[in-house]
Amino acid sequence: MCPLPLAAAAVTAPRTPLRLLSRGLAAAMSTARPLKSVDYEVFGRVQGVCFRMYTEDEARKIGVVGWVKNTSKGTVTGQVQGPEEKVNSMKSWLSKVGSPSSRIDRTNFSNEKTISKLEYSSFNIRY
């Protein structure tokens, strides 16, 4: 086995993925495609059914940042930020899927806009 091709491959391999990983999710997303931000409110049976926990888990799987919380009127509200296609995936999940025991009657999205950088470094539940 000749070490020369491996050494050459190591020298010429792109370093961008490692650099992006070391800077974290927020930094990786901010150097990619245009970023979107959208506020949401989910109506239906969305409290007492682990909706926030499932939302946090799904957002992390998809790769978006933001937050989610219960409201005093029985809805769930929050904000999602990330690349447009990932934000759209999360919007679909918030509109159609939710937690296993939830019932989504409707989801309102507002304040959708393009942003230059992410305002959050992860996705969290707010209380």
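Modeller: Let's take Ile104, which belongs to strand β4. Keep in mind that this is a predicted model, where local features need pLDDT of at least 70 and side-chain atom pairs 80 or more, while totals for chains, interfaces and linings use all residues. Numbering runs from 1 along each chain as its sequence is written, and side-chain values use heavy atoms, leaving out hydrogens and water.

Ile104 counts as buried because its relative accessibility is 19% (buried is under 20% relative accessible area, exposed over 50%, partly exposed in between, with a 1.4 Å probe and protein chains only). Leaving aside residues up to four places away in sequence, Ile104 touches Val42, Phe43, Phe51, Trp93, Leu94, Ser95, Lys96, Val97 and Gly98 (contact means heavy atoms within 4.5 Å). Phe43 sits 61 residues away from Ile104 in sequence, yet their C-alpha atoms are 6.0 Å apart.

Now zoom out to the sheet. It's open, with five strands in the order β4-β1-β3-β2-β5 and mixed pairing (two strands pair if DSSP finds at least two bridges between them). β4 (103–115) and β5 (123–125) are the edge strands with a single partner each, so one side of each has no neighbour in the sheet.

What lies across β4? Helix α5 does, and β1 and β3 too, running at about 160° to β4 (axes are lines fitted to C-alpha atoms, for helices over the stretch in contact, and angles run from 0 to 180 degrees between N-to-C directions).

Helix α5 (residues 84–96) has a helical neighbour as well: its axis and that of α4 (residues 51–62) come within 10 Å and cross at roughly 155°. That's why α4 is roughly antiparallel to α5 (under 35 degrees is roughly parallel, over 145 roughly antiparallel, 65 to 115 roughly perpendicular, the rest oblique). From α4, Phe51, Tyr54, Thr55, Glu58, Ala59 and Ile62 make the contact, meeting Lys86, Ser89, Met90, Trp93 and Leu94 of α5. By type, the residues of this α4 and α5 contact are seven nonpolar, two polar and two charged (Ala, Val, Leu, Ile, Met, Phe, Trp, Tyr, Cys and Pro count as nonpolar, Asp, Glu, Lys and Arg as charged, the others, Gly among them, as polar).

How values were computed
Helix = DSSP H or I, 4+ residues; strand = E, 2+ residues; numbered from the N terminus.
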